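Please look through the structure shown here, beginning with the chain as a whole and then moving to a few selected places within it.

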Amino acid sequence: MKQTLALRLGQQQVITPQLSQAIRMLQLSTQELELEVQEALDSNPMLEREEGAPEAGEEDAAEEGEEAASEAPELDLEGSDAIPEDLPIDTRWEDVYAAAPSSTPATEERDLFERAHPGDSLQDHLLWQLNLAALPPLEHLIATVIIDAIDDSGMVAASMADIAGSFDGRFDVSEAQATEVLRRLQHFDPPGVAARTLAEALSLQLQQLDPETPWREEAINLVEAHLDLLAAKDFAALKRRTQFGEGELAQIAALIGQLNPRPGAAYSAEPTLYVVPEVVVRKINGRWRVELNPDALPRLRINPSYAGLVKRADNSRDNVFLRDNLAEARWFLKCLQSRHDTLLKVATKIVEVQQDFLAHGEEAMKPLVLNDIAEAVEMHESTISRVTSRKYMHTPRGLFELKYFFSSHVSTSSGGEVSSTAIRALIRKLTAAEDPRKPLSDSKIAAILAERNIKVARRTVAKYRESIAIPPSNMRKRLA
(Lines give C-alpha, C1' and ligand atoms only; values in the text may rest on other atoms or scores of the structure.)
Protein backbone atom coordinates (compact mmCIF):
# COMPACT_ATOMS: atom_id res chain seq x y z
CA MET A 1 0.00 0.00 0.00
CA LYS A 2 1.42 3.33 -1.04
CA GLN A 3 1.43 6.19 1.45
CA THR A 4 0.59 9.66 0.19
CA LEU A 5 0.00 13.10 1.63
CA ALA A 6 -3.20 14.92 0.79
CA LEU A 7 -4.98 18.08 1.88
CA ARG A 8 -8.66 17.81 2.69
CA LEU A 9 -10.94 20.77 3.34
CA GLY A 10 -13.94 20.26 5.58
CA GLN A 11 -16.06 21.65 8.35
CA GLN A 12 -16.40 20.16 11.81
CA GLN A 13 -18.55 21.24 14.72
CA VAL A 14 -16.56 21.41 17.95
CA ILE A 15 -18.07 21.69 21.41
CA THR A 16 -15.83 23.73 23.67
CA PRO A 17 -15.73 23.11 27.45
CA GLN A 18 -17.64 26.36 27.94
CA LEU A 19 -20.37 25.33 25.51
CA SER A 20 -20.53 21.90 27.14
CA GLN A 21 -21.13 23.64 30.46
CA ALA A 22 -23.97 25.65 28.93
CA ILE A 23 -25.57 22.48 27.60
CA ARG A 24 -25.23 20.79 30.97
CA MET A 25 -26.80 23.68 32.85
CA LEU A 26 -29.68 23.83 30.42
CA GLN A 27 -30.82 20.33 31.33
CA LEU A 28 -30.35 20.54 35.10
CA SER A 29 -33.35 20.42 37.39
CA THR A 30 -33.84 23.06 40.09
CA GLN A 31 -32.16 20.96 42.77
CA GLU A 32 -29.25 20.01 40.52
CA LEU A 33 -28.81 23.64 39.45
CA GLU A 34 -28.52 24.68 43.09
CA LEU A 35 -25.76 22.12 43.58
CA GLU A 36 -24.00 23.40 40.46
CA VAL A 37 -24.27 26.98 41.73
CA GLN A 38 -22.94 26.05 45.15
CA GLU A 39 -19.99 24.26 43.56
CA ALA A 40 -19.24 27.35 41.48
CA LEU A 41 -19.44 29.55 44.57
CA ASP A 42 -17.07 27.26 46.45
CA SER A 43 -14.50 27.13 43.64
CA ASN A 44 -14.64 30.68 42.26
CA PRO A 45 -13.98 33.63 44.60
CA MET A 46 -15.32 36.07 41.99
CA LEU A 47 -18.88 34.78 42.40
CA GLU A 48 -21.15 35.62 45.29
CA ARG A 49 -24.84 35.48 46.06
CA GLU A 50 -26.70 38.72 45.51
CA GLU A 51 -28.47 39.40 48.79
CA GLY A 52 -29.45 43.01 48.14
CA ALA A 53 -28.84 46.09 46.02
CA PRO A 54 -25.16 46.97 45.46
CA GLU A 55 -23.70 49.63 47.71
CA ALA A 56 -22.31 52.93 46.44
CA GLY A 57 -18.90 52.48 44.88
CA GLU A 58 -19.65 48.84 43.97
CA GLU A 59 -22.10 49.59 41.17
CA ASP A 60 -19.51 49.73 38.37
CA ALA A 61 -18.04 46.31 39.05
CA ALA A 62 -21.48 44.80 39.69
CA GLU A 63 -22.84 46.27 36.45
CA GLU A 64 -19.87 44.80 34.62
CA GLY A 65 -20.87 41.34 35.82
CA GLU A 66 -24.54 41.96 35.01
CA GLU A 67 -23.70 43.14 31.52
CA ALA A 68 -21.62 40.00 31.00
CA ALA A 69 -24.58 37.90 32.08
CA SER A 70 -27.11 39.66 29.83
CA GLU A 71 -25.17 39.87 26.56
CA ALA A 72 -26.91 38.19 23.64
CA PRO A 73 -25.02 34.94 22.89
CA GLU A 74 -23.99 33.93 19.39
CA LEU A 75 -22.60 30.67 18.04
CA ASP A 76 -18.85 30.61 17.46
CA LEU A 77 -17.36 27.25 16.51
CA GLU A 78 -13.77 28.47 16.80
CA GLY A 79 -13.79 28.41 20.60
CA SER A 80 -15.18 31.82 21.49
CA ASP A 81 -17.13 32.25 24.72
CA ALA A 82 -20.57 32.81 23.19
CA ILE A 83 -23.58 30.58 23.80
CA PRO A 84 -25.78 29.79 20.79
CA GLU A 85 -29.55 29.88 21.19
CA ASP A 86 -29.73 26.46 19.51
CA LEU A 87 -27.30 24.17 21.30
CA PRO A 88 -25.72 21.44 19.12
CA ILE A 89 -26.49 17.78 19.66
CA ASP A 90 -23.99 16.00 21.88
CA THR A 91 -23.71 12.81 23.82
CA ARG A 92 -23.51 14.32 27.29
CA TRP A 93 -26.89 16.03 27.64
CA GLU A 94 -28.31 13.19 29.73
CA ASP A 95 -25.65 13.48 32.44
CA VAL A 96 -27.12 13.61 35.91
CA TYR A 97 -25.37 15.20 38.85
CA ALA A 98 -26.38 13.37 42.00
CA ALA A 99 -26.57 15.16 45.30
CA ALA A 100 -23.67 14.52 47.65
CA PRO A 101 -24.59 11.92 50.26
CA SER A 102 -25.25 13.26 53.70
CA SER A 103 -23.01 11.90 56.42
CA THR A 104 -23.93 11.13 60.00
CA PRO A 105 -21.25 10.77 62.67
CA ALA A 106 -20.74 7.12 63.50
CA THR A 107 -20.65 7.94 67.19
CA GLU A 108 -24.05 9.62 67.18
CA GLU A 109 -26.19 8.06 69.90
CA ARG A 110 -29.96 7.67 69.74
CA ASP A 111 -32.19 8.23 72.70
CA LEU A 112 -33.13 4.86 74.20
CA PHE A 113 -36.76 5.94 74.46
CA GLU A 114 -36.90 7.72 71.12
CA ARG A 115 -39.85 6.47 69.11
CA ALA A 116 -39.27 5.50 65.49
CA HIS A 117 -40.30 8.32 63.17
CA PRO A 118 -41.87 8.02 59.71
CA GLY A 119 -38.46 8.29 58.06
CA ASP A 120 -37.30 5.01 59.63
CA SER A 121 -37.47 1.77 57.66
CA LEU A 122 -39.99 -0.94 58.48
CA GLN A 123 -37.24 -3.07 60.04
CA ASP A 124 -36.18 -0.17 62.29
CA HIS A 125 -39.78 0.31 63.38
CA LEU A 126 -40.23 -3.39 64.19
CA LEU A 127 -36.88 -3.69 66.00
CA TRP A 128 -37.79 -0.68 68.14
CA GLN A 129 -40.97 -2.47 69.23
CA LEU A 130 -39.08 -5.74 69.72
CA ASN A 131 -36.65 -4.07 72.11
CA LEU A 132 -39.62 -2.96 74.22
CA ALA A 133 -41.24 -6.42 74.21
CA ALA A 134 -38.69 -7.95 76.65
CA LEU A 135 -38.71 -11.42 75.08
CA PRO A 136 -36.40 -14.21 76.28
CA PRO A 137 -33.00 -14.16 74.54
CA LEU A 138 -33.72 -17.08 72.17
CA GLU A 139 -37.14 -15.73 71.17
CA HIS A 140 -35.61 -12.30 70.69
CA LEU A 141 -33.02 -13.83 68.34
CA ILE A 142 -35.71 -15.71 66.38
CA ALA A 143 -37.77 -12.52 66.11
CA THR A 144 -34.74 -10.64 64.76
CA VAL A 145 -34.28 -13.26 62.03
CA ILE A 146 -37.98 -13.09 61.11
CA ILE A 147 -37.91 -9.29 60.96
CA ASP A 148 -34.92 -9.49 58.64
CA ALA A 149 -37.03 -11.71 56.33
CA ILE A 150 -39.91 -9.18 56.12
CA ASP A 151 -40.03 -7.36 52.78
CA ASP A 152 -41.00 -3.74 52.10
CA SER A 153 -44.69 -4.64 51.81
CA GLY A 154 -44.71 -6.09 55.33
CA MET A 155 -44.92 -9.76 54.31
CA VAL A 156 -42.61 -12.53 55.58
CA ALA A 157 -40.66 -13.70 52.55
CA ALA A 158 -39.49 -17.00 54.11
CA SER A 159 -41.28 -20.01 55.58
CA MET A 160 -41.04 -20.80 59.26
CA ALA A 161 -39.22 -24.04 58.35
CA ASP A 162 -36.54 -21.97 56.60
CA ILE A 163 -36.35 -19.60 59.58
CA ALA A 164 -35.85 -22.52 61.99
CA GLY A 165 -33.32 -24.17 59.67
CA SER A 166 -31.28 -20.96 59.35
CA PHE A 167 -29.80 -21.54 62.81
CA ASP A 168 -27.89 -24.62 61.50
CA GLY A 169 -27.96 -26.49 64.80
CA ARG A 170 -26.35 -23.64 66.74
CA PHE A 171 -29.63 -23.34 68.63
CA ASP A 172 -32.37 -25.88 68.97
CA VAL A 173 -35.16 -24.01 67.18
CA SER A 174 -38.20 -25.83 65.85
CA GLU A 175 -40.69 -24.68 63.25
CA ALA A 176 -43.36 -24.51 65.99
CA GLN A 177 -41.14 -22.14 68.04
CA ALA A 178 -40.58 -19.89 65.03
CA THR A 179 -44.32 -19.84 64.35
CA GLU A 180 -45.06 -18.90 67.96
CA VAL A 181 -42.63 -15.96 67.77
CA LEU A 182 -44.21 -14.96 64.47
CA ARG A 183 -47.59 -14.75 66.22
CA ARG A 184 -46.06 -12.27 68.66
CA LEU A 185 -44.70 -10.13 65.84
CA GLN A 186 -48.09 -10.11 64.12
CA HIS A 187 -49.42 -7.98 66.99
CA PHE A 188 -46.85 -5.26 66.27
CA ASP A 189 -47.56 -2.03 64.46
CA PRO A 190 -48.51 -1.56 61.62
CA PRO A 191 -51.57 -3.86 61.71
CA GLY A 192 -51.18 -6.81 59.36
CA VAL A 193 -47.38 -6.87 59.45
CA ALA A 194 -45.46 -10.19 59.43
CA ALA A 195 -48.22 -11.99 57.53
CA ARG A 196 -47.35 -14.84 55.20
CA THR A 197 -50.18 -14.31 52.71
CA LEU A 198 -52.46 -11.49 51.63
CA ALA A 199 -55.43 -13.26 53.26
CA GLU A 200 -53.54 -13.46 56.55
CA ALA A 201 -52.56 -9.76 56.37
CA LEU A 202 -56.19 -8.72 55.86
CA SER A 203 -57.40 -11.11 58.57
CA LEU A 204 -54.88 -9.70 61.07
CA GLN A 205 -56.07 -6.17 60.37
CA LEU A 206 -59.70 -7.17 60.84
CA GLN A 207 -58.91 -8.97 64.10
CA GLN A 208 -57.39 -5.78 65.50
CA LEU A 209 -60.58 -3.79 64.86
CA ASP A 210 -63.08 -3.13 67.62
CA PRO A 211 -65.08 -6.36 68.17
CA GLU A 212 -68.25 -4.27 67.87
CA THR A 213 -67.36 -3.25 64.30
CA PRO A 214 -70.29 -4.25 62.03
CA TRP A 215 -69.56 -7.23 59.74
CA ARG A 216 -66.11 -7.79 61.30
CA GLU A 217 -66.49 -11.56 61.85
CA GLU A 218 -68.11 -12.08 58.44
CA ALA A 219 -65.27 -10.19 56.78
CA ILE A 220 -62.67 -12.34 58.58
CA ASN A 221 -64.38 -15.53 57.38
CA LEU A 222 -64.63 -14.19 53.84
CA VAL A 223 -60.95 -13.20 53.44
CA GLU A 224 -59.77 -16.49 54.97
CA ALA A 225 -61.98 -18.71 52.79
CA HIS A 226 -63.04 -16.81 49.67
CA LEU A 227 -60.51 -14.06 48.99
CA ASP A 228 -59.87 -15.40 45.49
CA LEU A 229 -63.53 -14.93 44.54
CA LEU A 230 -63.58 -11.43 46.00
CA ALA A 231 -60.43 -10.51 44.08
CA ALA A 232 -62.02 -11.78 40.87
CA LYS A 233 -65.20 -9.75 41.60
CA ASP A 234 -67.22 -12.97 41.24
CA PHE A 235 -70.09 -11.78 43.40
CA ALA A 236 -72.50 -14.39 42.08
CA ALA A 237 -70.26 -17.21 43.33
CA LEU A 238 -69.70 -15.36 46.61
CA LYS A 239 -73.43 -15.13 47.24
CA ARG A 240 -73.79 -18.86 46.62
CA ARG A 241 -70.85 -19.79 48.88
CA THR A 242 -71.59 -17.41 51.78
CA GLN A 243 -75.39 -17.27 51.58
CA PHE A 244 -75.18 -13.49 52.01
CA GLY A 245 -77.57 -11.16 50.25
CA GLU A 246 -76.31 -8.53 47.84
CA GLY A 247 -76.66 -5.70 50.36
CA GLU A 248 -74.85 -7.65 53.07
CA LEU A 249 -72.05 -8.66 50.72
CA ALA A 250 -71.65 -5.05 49.62
CA GLN A 251 -71.10 -3.90 53.22
CA ILE A 252 -68.62 -6.69 53.92
CA ALA A 253 -66.70 -5.87 50.73
CA ALA A 254 -66.70 -2.18 51.70
CA LEU A 255 -65.15 -3.02 55.08
CA ILE A 256 -62.46 -5.18 53.44
CA GLY A 257 -61.79 -2.41 50.92
CA GLN A 258 -60.68 -0.13 53.77
CA LEU A 259 -57.81 -2.47 54.68
CA ASN A 260 -54.20 -2.10 53.53
CA PRO A 261 -52.93 -4.98 51.36
CA ARG A 262 -49.35 -3.76 51.84
CA PRO A 263 -49.14 -2.80 55.53
CA GLY A 264 -45.41 -2.11 55.45
CA ALA A 265 -45.48 0.30 52.51
CA ALA A 266 -45.96 3.32 54.80
CA TYR A 267 -42.47 2.74 56.21
CA SER A 268 -40.66 2.70 52.92
CA ALA A 269 -37.11 3.99 53.23
CA GLU A 270 -37.37 5.96 49.97
CA PRO A 271 -36.74 9.68 50.58
CA THR A 272 -39.45 12.23 49.96
CA LEU A 273 -38.74 14.28 46.85
CA TYR A 274 -39.91 17.89 46.65
CA VAL A 275 -40.56 19.69 43.40
CA VAL A 276 -39.92 23.42 43.01
CA PRO A 277 -41.60 24.92 39.92
CA GLU A 278 -39.34 27.05 37.78
CA VAL A 279 -42.22 28.59 35.82
CA VAL A 280 -45.39 30.18 37.22
CA VAL A 281 -48.48 30.83 35.09
CA ARG A 282 -51.20 33.27 36.14
CA LYS A 283 -54.23 34.78 34.45
CA ILE A 284 -54.12 38.56 34.77
CA ASN A 285 -56.75 40.79 33.16
CA GLY A 286 -57.95 37.94 30.97
CA ARG A 287 -54.49 37.05 29.64
CA TRP A 288 -52.17 34.25 30.63
CA ARG A 289 -48.90 35.54 32.01
CA VAL A 290 -45.78 33.36 32.19
CA GLU A 291 -43.04 34.20 34.68
CA LEU A 292 -39.96 32.50 36.06
CA ASN A 293 -40.25 31.61 39.72
CA PRO A 294 -37.84 33.97 41.54
CA ASP A 295 -37.51 31.50 44.42
CA ALA A 296 -36.10 28.89 42.04
CA LEU A 297 -33.59 31.19 40.34
CA PRO A 298 -30.13 31.62 41.85
CA ARG A 299 -29.20 35.27 42.31
CA LEU A 300 -25.48 35.68 41.69
CA ARG A 301 -23.17 38.52 40.83
CA ILE A 302 -19.50 39.31 40.34
CA ASN A 303 -17.81 40.21 43.61
CA PRO A 304 -17.06 43.93 43.07
CA SER A 305 -14.12 44.00 45.48
CA TYR A 306 -12.25 41.12 43.86
CA ALA A 307 -13.14 42.29 40.34
CA GLY A 308 -11.58 45.67 41.14
CA LEU A 309 -8.25 43.97 41.91
CA VAL A 310 -7.78 42.71 38.35
CA LYS A 311 -5.11 44.64 36.47
CA ARG A 312 -5.16 44.50 32.68
CA ALA A 313 -1.39 44.55 31.97
CA ASP A 314 -0.25 42.56 34.98
CA ASN A 315 0.82 38.98 34.20
CA SER A 316 1.75 38.02 37.72
CA ARG A 317 0.54 34.68 39.06
CA ASP A 318 -2.01 36.26 41.40
CA ASN A 319 -3.42 38.54 38.72
CA VAL A 320 -3.68 35.69 36.21
CA PHE A 321 -5.58 33.70 38.82
CA LEU A 322 -8.01 36.57 39.38
CA ARG A 323 -8.39 37.23 35.66
CA ASP A 324 -9.12 33.57 34.88
CA ASN A 325 -11.68 33.34 37.65
CA LEU A 326 -13.32 36.56 36.49
CA ALA A 327 -13.66 35.14 32.98
CA GLU A 328 -15.13 31.90 34.34
CA ALA A 329 -17.55 33.84 36.55
CA ARG A 330 -18.73 35.93 33.61
CA TRP A 331 -19.28 32.80 31.55
CA PHE A 332 -21.16 31.12 34.38
CA LEU A 333 -23.51 34.10 34.65
CA LYS A 334 -24.00 33.99 30.87
CA CYS A 335 -24.93 30.30 31.12
CA LEU A 336 -27.47 31.05 33.82
CA GLN A 337 -28.98 33.91 31.86
CA SER A 338 -29.13 31.84 28.68
CA ARG A 339 -30.79 28.99 30.58
CA HIS A 340 -33.44 31.26 32.06
CA ASP A 341 -34.14 33.03 28.76
CA THR A 342 -34.52 29.75 26.89
CA LEU A 343 -36.77 28.27 29.60
CA LEU A 344 -39.01 31.33 29.60
CA LYS A 345 -39.23 31.38 25.81
CA VAL A 346 -40.20 27.70 25.60
CA ALA A 347 -42.68 27.88 28.50
CA THR A 348 -44.36 30.94 27.00
CA LYS A 349 -44.88 29.15 23.68
CA ILE A 350 -46.25 26.05 25.45
CA VAL A 351 -48.79 28.18 27.33
CA GLU A 352 -49.72 29.95 24.12
CA VAL A 353 -50.56 26.60 22.50
CA GLN A 354 -52.26 25.03 25.54
CA GLN A 355 -54.45 27.93 26.66
CA ASP A 356 -57.57 25.77 26.28
CA PHE A 357 -56.14 23.26 28.72
CA LEU A 358 -55.51 25.97 31.30
CA ALA A 359 -59.06 27.25 30.86
CA HIS A 360 -61.05 24.01 30.52
CA GLY A 361 -58.90 21.07 31.66
CA GLU A 362 -57.36 17.92 30.19
CA GLU A 363 -60.16 17.29 27.70
CA ALA A 364 -59.14 20.50 25.91
CA MET A 365 -55.46 19.56 25.64
CA LYS A 366 -54.14 20.06 22.11
CA PRO A 367 -51.76 17.67 20.33
CA LEU A 368 -48.19 18.93 20.66
CA VAL A 369 -44.77 17.45 19.92
CA LEU A 370 -41.28 18.77 20.59
CA ASN A 371 -40.75 19.69 16.96
CA ASP A 372 -43.76 22.05 17.03
CA ILE A 373 -42.19 24.14 19.78
CA ALA A 374 -38.73 23.84 18.22
CA GLU A 375 -39.98 25.39 14.99
CA ALA A 376 -41.95 28.08 16.81
CA VAL A 377 -38.95 29.30 18.85
CA GLU A 378 -36.37 28.50 16.13
CA MET A 379 -34.35 26.03 18.18
CA HIS A 380 -33.31 22.44 17.73
CA GLU A 381 -35.61 19.70 18.99
CA SER A 382 -32.86 18.37 21.26
CA THR A 383 -32.65 21.77 22.95
CA ILE A 384 -36.40 21.69 23.63
CA SER A 385 -36.01 18.21 25.08
CA ARG A 386 -33.32 19.45 27.44
CA VAL A 387 -35.33 22.47 28.53
CA THR A 388 -38.53 20.53 29.25
CA SER A 389 -36.94 17.62 31.13
CA ARG A 390 -37.46 17.78 34.92
CA LYS A 391 -38.66 21.40 34.77
CA TYR A 392 -42.04 22.12 36.35
CA MET A 393 -44.74 24.70 35.73
CA HIS A 394 -47.18 25.88 38.38
CA THR A 395 -50.60 26.66 36.91
CA PRO A 396 -54.07 27.31 38.34
CA ARG A 397 -54.79 23.65 37.50
CA GLY A 398 -51.84 22.27 39.42
CA LEU A 399 -48.16 21.50 39.08
CA PHE A 400 -47.02 19.86 35.83
CA GLU A 401 -43.73 18.87 34.26
CA LEU A 402 -43.20 20.74 31.01
CA LYS A 403 -43.12 17.43 29.15
CA TYR A 404 -46.71 16.79 30.31
CA PHE A 405 -47.96 19.29 27.74
CA PHE A 406 -46.58 17.20 24.87
CA SER A 407 -48.66 14.33 23.52
CA SER A 408 -49.36 12.48 20.28
CA HIS A 409 -52.57 12.95 18.34
CA VAL A 410 -55.44 10.81 17.08
CA SER A 411 -57.42 11.72 13.99
CA THR A 412 -61.12 12.49 14.18
CA SER A 413 -63.84 11.58 11.70
CA SER A 414 -64.11 15.20 10.65
CA GLY A 415 -60.42 15.37 9.72
CA GLY A 416 -59.26 17.10 12.88
CA GLU A 417 -56.91 15.93 15.60
CA VAL A 418 -57.33 15.24 19.30
CA SER A 419 -54.59 14.85 21.91
CA SER A 420 -53.92 11.49 23.52
CA THR A 421 -54.01 13.30 26.87
CA ALA A 422 -57.55 14.46 26.09
CA ILE A 423 -58.53 10.88 25.22
CA ARG A 424 -57.16 9.63 28.53
CA ALA A 425 -59.19 12.30 30.30
CA LEU A 426 -62.32 11.18 28.46
CA ILE A 427 -61.66 7.54 29.40
CA ARG A 428 -61.21 8.54 33.03
CA LYS A 429 -64.46 10.54 32.91
CA LEU A 430 -66.41 7.70 31.30
CA THR A 431 -65.21 5.08 33.78
CA ALA A 432 -65.89 7.38 36.74
CA ALA A 433 -69.53 7.79 35.65
CA GLU A 434 -70.17 4.16 34.66
CA ASP A 435 -72.59 1.78 36.38
CA PRO A 436 -70.45 -0.16 38.89
CA ARG A 437 -72.60 -3.25 38.32
CA LYS A 438 -71.91 -3.15 34.57
CA PRO A 439 -68.58 -1.42 33.91
CA LEU A 440 -67.78 -0.26 30.41
CA SER A 441 -65.62 -2.61 28.37
CA ASP A 442 -62.80 -1.32 26.19
CA SER A 443 -64.92 -2.00 23.11
CA LYS A 444 -67.81 -0.01 24.56
CA ILE A 445 -65.51 2.90 25.41
CA ALA A 446 -64.14 2.84 21.86
CA ALA A 447 -67.73 2.93 20.52
CA ILE A 448 -68.62 5.91 22.73
CA LEU A 449 -65.52 7.77 21.54
CA ALA A 450 -66.45 6.95 17.95
CA GLU A 451 -69.81 8.63 18.54
CA ARG A 452 -67.80 11.74 19.42
CA ASN A 453 -65.87 11.50 16.12
CA ILE A 454 -62.74 10.11 17.80
CA LYS A 455 -61.42 7.06 15.95
CA VAL A 456 -59.69 4.86 18.53
CA ALA A 457 -59.25 1.09 18.34
CA ARG A 458 -60.13 -1.14 21.29
CA ARG A 459 -56.47 -2.05 21.90
CA THR A 460 -55.60 1.66 21.92
CA VAL A 461 -58.27 2.27 24.54
CA ALA A 462 -56.77 -0.57 26.59
CA LYS A 463 -53.30 0.99 26.29
CA TYR A 464 -54.54 4.42 27.38
CA ARG A 465 -56.59 2.91 30.21
CA GLU A 466 -53.60 1.00 31.56
CA SER A 467 -51.41 4.11 31.35
CA ILE A 468 -53.71 5.92 33.81
CA ALA A 469 -53.93 2.88 36.14
CA ILE A 470 -57.59 2.04 35.48
CA PRO A 471 -58.18 -1.72 35.83
CA PRO A 472 -60.15 -3.71 33.20
CA SER A 473 -63.93 -3.87 33.38
CA ASN A 474 -64.07 -7.19 35.22
CA MET A 475 -61.88 -5.74 37.99
CA ARG A 476 -63.95 -2.55 38.25
CA LYS A 477 -67.16 -4.43 38.87
CA ARG A 478 -68.59 -3.93 42.35
CA LEU A 479 -71.88 -4.08 44.21
CA ALA A 480 -73.98 -0.99 44.88
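The chain exposes about 28,100 Å², and carbon and sulfur atoms supply 50% of that area. These values belong to a predicted model, and they describe a chain of 480 residues, of which 41% count as buried. The secondary structure comes to 20 helices and eight strands. Among the contacts between residues at least 6 apart in sequence, 65% join residues at least 24 apart.

Proline 45 sits in the loop between α2 (30-43) and β1 (47-49), and its C-alpha atom is separated by 7.7 Å from that of asparagine 303, although the two are 258 residues apart along the chain. Leaving aside residues up to four places away in sequence, proline 45 touches Asn303, Tyr306, Phe321 and Asn325.

The aromatic rings give another way to follow the fold. A search of the whole structure finds seven aromatic pairs. In one of them, the rings of phenylalanine 357 and phenylalanine 400 have their centres 5.4 Å apart and their planes at 75°, so the pair is edge-to-face, given that planes over 60 degrees apart are classed in this way. Because phenylalanine 357 lies in helix α14 (residues 355-360) and phenylalanine 400 in strand β6 (residues 398-401), the pair ties together parts that are 43 residues apart in sequence. Phenylalanine 357 and phenylalanine 400 are both buried. The rings of tyrosine 404 and phenylalanine 405 are also edge-to-face, since their centres are 5.7 Å apart and their planes stand at 80°. Tyrosine 404 is partly exposed at 24% relative accessibility, whereas phenylalanine 405 is buried, with a relative accessible area of 1%. Phe357, Phe400, Tyr404 and Phe405 form one aromatic cluster.

On the side of α18 the contact is made by Asp442, Ser443, Ile445, Ala446 and Leu449, and on the side of α19 by Arg458, Val461, Ala462 and Arg465. The residues of this contact divide into five nonpolar, one polar and three charged.

The last stop is the backbone itself. Most residues other than glycine have a negative phi, and most peptide bonds are trans. Against that background, the peptide bond from aspartate 189 to proline 190 is cis, with omega near 5°, and proline 190 is placed in the loop between α7 (175-185) and α8 (198-207). Glutamine 243, although not a glycine, has a positive phi of about 65°; glutamine 243 lies in the loop between α10 (235-242) and α11 (246-257) and counts as exposed at 64% relative accessibility. Asparagine 285, likewise not a glycine, has a positive phi of about 55°. The loop that holds asparagine 285 runs between β2 (279-284) and β3 (287-292), and asparagine 285 is exposed there, with a relative accessible area of 78%.

Conventions
Residues are numbered from 1 along each chain as its sequence is written. This is a predicted model: local features need pLDDT of at least 70, side-chain atom pairs count only at pLDDT 80 or more; totals for chains, interfaces and linings use all residues. Side-chain values use heavy atoms; hydrogens and water are left out. Helices (H or I, at least four residues) and strands (E, at least two) are DSSP runs, numbered from the N terminus. Contact means heavy atoms within 4.5 Å. Rings of Phe, Tyr and Trp (its six-membered ring) pair if their centres lie within 6.5 Å; planes under 30 degrees apart count as stacked, over 60 as edge-to-face and the rest as tilted. Buried means under 20% relative accessible area, exposed over 50%, partly exposed in between (1.4 Å probe, protein chains only). Ala, Val, Leu, Ile, Met, Phe, Trp, Tyr, Cys and Pro count as nonpolar, Asp, Glu, Lys and Arg as charged, and the others, Gly among them, as polar. Accessible areas come from the Shrake-Rupley method with a 1.4 Å probe; for residues, only the protein chains shown count as cover.
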